[in-house]
Amino acid sequence: MSVDPFGLSENGVLGAGDINPEQIFSDSYAEFSTVSAMMESFSTAVIIQVAMDEELAPFLAATSEAFPSFSEGVAEFHPRYLKVGKERVPVLMVRSKIGLVNAASAATEALSYVNSCLGYISAGTAGGLASSINVGDIVVGNDYTYTDADATAFGYKRGQLPGMPESYDAVSALWAEAAEQAVNSLEARRGEQWAVYAGRMLAGNSFVTAHNVADTREAFPTALSTDMETTAIAQVCSNYRVPFIGVRCVSDLCGPAADQDFHMSIDIVAPRSARYALQCAAELWTGTELPDLQLDFS
């Protein structure tokens with residue numbers, strides 16, 4: 001809980017009268033009470049994590065506030081309700097900022113608030129890696145590994161961290177079913193506008209661009225996409241035995257062909273990822289195949 005205990009003045013220097021113990025206690029207690037109440041009613045919530053504010057915005061537009069938002073470190077946490085018929089699906093939205101460490105620390109923190117998490121989703125944008133992928137396509141993960149982890153000199157597979165699994169692929173049967181139902185529910189909306197792929201997703205600390213895409217494709221010939229968070233979240237969820245799935249929309253191509261569009265605005269791809277992620281969350285929570293939720297992102 002990010003309450004400044006010292007009440008520093010604007011220039012960061014502690015001056016006479018800057019500390020107000022009553023205000024510090026009041027602010028701390030209010031935030032503690034909010035988090036405690038949220039933890040009690042969100043114990044089995046679905047957690048959805050994104051990296052950027054632009055990826056978070058459509059989720060906030062399509063859901064309603066359950067409890068006030070709060071922050072821890074650089075991460076933001078937004079307890080929300082997704083309305084599905086007469087039900088309200090509890091969804092803890094997490095905005096981690098970009099990168100593996102930010103993603104892993106935010107995921108660990110989020111799981112401390114949702115102690116019986118029903119399922120975890122990594123959402124937002126991704127780079128398209130497979131030559132068949134186009135911008136605007138949806139990638140639903142079923143296997144996750146690291147783009148730039150290389151301990152092959154010690155007998156490990158490319159992408160594998162020493163002492164850890166070769167990849168993180170424990171998609172629960174419930175998640176697999178929910179994802180399939182979500183894709184089916186949104187099929188009419190999709191039409192011919194974009195494709196949906198299921199398969200391996202990568203994440204690393206380096207961008208994959210035209211100069212290194214050939215090596216990445218050679219090392220991971222079945223990989224569909226790459227980003228800078230998903231595998232780290234998958235690893236945290238594996239450590240805590242929480243069902244996990246990645247649902248991302250391709251905004252850029254890592255190595256586009258001459259006739260391919262290589263970029264699509266985040267204003268298009270972020271709501272598209274949010275639509276599929278929230279449909280997955282609703283399918284998982286209700287345990288039934290639902291129609292298109294007709295979400296409003298305005």
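**Entry 1: salt bridges**

I began with the charged pairs and found that the structure holds eight salt bridges, a salt bridge being a side-chain nitrogen of Lys or Arg within 4 Å of a carboxyl oxygen of Asp or Glu. I note that this is a predicted model, in which local features need pLDDT of at least 70 and side-chain atom pairs count only at pLDDT 80 or more, while totals for chains, interfaces and linings use all residues. Residues are numbered from 1 along each chain as its sequence is written, and side-chain values use heavy atoms, with hydrogens and water left out.

**Entry 2: D143 and R200**

I looked up D143 and found its side chain in a salt bridge with that of R200, at 2.4 Å from N to O. The pair links distant parts of the chain, since D143 sits in strand β7 (residues 138-146) and R200 in strand β8 (residues 196-203), 57 residues apart; helices (H or I, at least four residues) and strands (E, at least two) are DSSP runs, numbered from the N terminus. I then checked accessibility, where buried means under 20% relative accessible area, exposed over 50%, and partly exposed in between, with a 1.4 Å probe and protein chains only. D143 counts as buried because its relative accessibility is 11%, and R200 is buried as well, with a relative accessible area of 17%.

**Entry 3: R248 and its partners**

Next I turned to R248, which forms a salt bridge with D227, the closest N and O atoms being 3.6 Å apart. R248 lies in strand β10 (residues 244-253) and D227 in strand β9 (residues 223-227), so this pair ties together parts that are 21 residues apart in sequence. Both R248 and D227 are buried.

I also found the side chain of R248 in a salt bridge with that of E229, at 3.3 Å from N to O. Here E229 is in the loop between β9 and α7 (230-239), and R248, in strand β10, is 19 residues away. E229 is buried at a relative accessible area of 4%, and R248 is buried at 1%. Elsewhere, salt bridges that share partners join D53, E76 and R95 into one network.

**Entry 4: helix α2**

Which residues are buried in helix α2 (residues 53-62)? I listed E55, L56, P58, F59 and A62. They lie on the same side of α2, because they cover an arc of only 160° around the axis, the arc being that of the directions from the helix axis to the C-beta atoms. The buried residues of α2 pack against β1 (46-50), β4 (75-84), β5 (87-95), β6 (119-128), β10 and α8 (266-286), where contact means heavy atoms within 4.5 Å.
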